[in-house]
Amino acid sequence: MKNYRYVLFDLDGTLTESGEGIINSAVYALKKFSIEPEMSTMTKFLGPPLKDSFRDFYGFDDEKCEQAVKYYREYYTTKGIFENRVYEGVEDCLKMLSEAGLHLAVATSKPQVFAVKILEHFHLAQYFDYIGGAELDGSRSVKADVIVHTLKNCGVNDRSQVIMAGDRHHDVLGAKALGIDCIGMLYGYGTREELSKAGAVYIAETPLEAAKCLFAYWFRYNLNMHFSRNLPGLFFHPLNSLTLRLYLLPLASY
């Protein structure tokens, strides 16, 4: 039985809808190279590490990627960072999980200094034990590396107690590489097919659905541990067993 005690959240597309600021910053950078991008294709910048996007989508070499990131940040640090909003239901989700006793943290490929600034701006930083992200020089931008960094700073050694929550395949695969489950957040920038193919253990359509799912895992494990330690005969008594199953019925789909 799963015992998720630690939940790691992605930021862009999971906690905040940051697409406008990211896309506008990327367009600003590309125009510095006399590239007029097709706006309908710019959602490809939502999710992957920034340097990877300039390299993979526009064929930039390392030097050109470095310059593109500098141009990107000219716009992002003054304007794009706040072309952003918190998804409806996110704060209720965080509050529910936090009050239940779960430990929450952030693991994002966005530079850590920006992630902290954004979450403080939206008054969400209070819910997290730690906010982990990339370095400004682009190091530690791979999702698995960010997760390792975050868990280390949270003092977590048992990865079986950790679950990632993110909206793109990068989140799922980064967690999977470390033996960590991931819940896909469908309201973000990824698709159901993308998240399922990557191996998400569950896909939530809303932040509240994600909270209910995570709470259900936590509740069932702790309830089972409580009764198995204190009332070992409970599960062998027909009436009590039926009562327990009926009590857990609302959580049965998670």
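Which residue does the side chain of aspartate 56 meet in a salt bridge? In this predicted model, the partner is arginine 55, and the N to O distance is 2.9 Å. Arginine 55 is partly exposed, its relative accessible area being 38%.

The chain has 254 residues, of which 51% count as buried. It contains 10 helices and 8 strands. Among its contacts between residues at least 6 apart in sequence, 63% join residues at least 24 apart. The accessible surface amounts to about 12,500 Å², and carbon and sulfur atoms account for 52% of that area.

Strand S1 spans residues 6–9 and is covered on both faces. Tyr6 and Leu8 lie on one side, Val7 and Phe9 lie on the other, and all four are buried. S1 pairs with S4 in the parallel sense over 4 bridges, and within S4 the residue opposite tyrosine 6 is histidine 103. S1 also pairs with strand S6, residues 162–166, again in the parallel sense and over 4 bridges. There, phenylalanine 9 has alanine 165 of S6 as its bridge partner.

Helix H1 comprises 13 residues, 19–31. From its first C-alpha to its last, H1 reaches 18 Å, close to the 18 Å expected at 1.5 Å a residue. The buried residues of H1 are Gly19, Gly21, Ile22, Ile23, Ser25, Ala26, Val27, Ala29 and Leu30.

In helix H2, the buried residues are Leu50, Ser53 and Phe54. These residues lie on the same side of H2, because the arc they cover around the axis is only 95°. They pack against H1 and H3. After H2 comes glycine 59, which has a positive phi, near 70°.

Charged side chains form a further set of contacts. Side chains of opposite charge can pair when their charged atoms come close. Across the whole structure, 10 salt bridges are found. One of them joins the side chains of lysine 51 and glutamate 66, with an N to O distance of 2.5 Å. Lysine 51 belongs to helix H2 and glutamate 66 to helix H3, so that the pair links distant parts of the chain, 15 residues apart. Both partners count as partly exposed: lysine 51 has a relative accessible area of 24%, and glutamate 66 has a relative accessibility of 37%.

The salt bridge between aspartate 56 and arginine 55, at 2.9 Å from N to O, involves a partly exposed arginine. In another salt bridge, the side chains of arginine 168 and glutamate 194 meet at 2.8 Å, N to O. Finally, a network of salt bridges links Asp10, Lys143 and Asp171.

Conventions. Residues are numbered from 1 along each chain as its sequence is written. This is a predicted model: local features need pLDDT of at least 70, side-chain atom pairs count only at pLDDT 80 or more; totals for chains, interfaces and linings use all residues. Side-chain values use heavy atoms; hydrogens and water are left out. Helices (H or I, at least four residues) and strands (E, at least two) are DSSP runs, numbered from the N terminus. The expected span of a helix is 1.5 Å times one less than its number of residues. Buried means under 20% relative accessible area, exposed over 50%, partly exposed in between (1.4 Å probe, protein chains only). Two strands pair if DSSP finds at least two bridges between them. A salt bridge is a side-chain nitrogen of Lys or Arg within 4 Å of a carboxyl oxygen of Asp or Glu. Contact means heavy atoms within 4.5 Å. Accessible areas come from the Shrake-Rupley method with a 1.4 Å probe; for residues, only the protein chains shown count as cover. The arc is that of the directions from the helix axis to the C-beta atoms.
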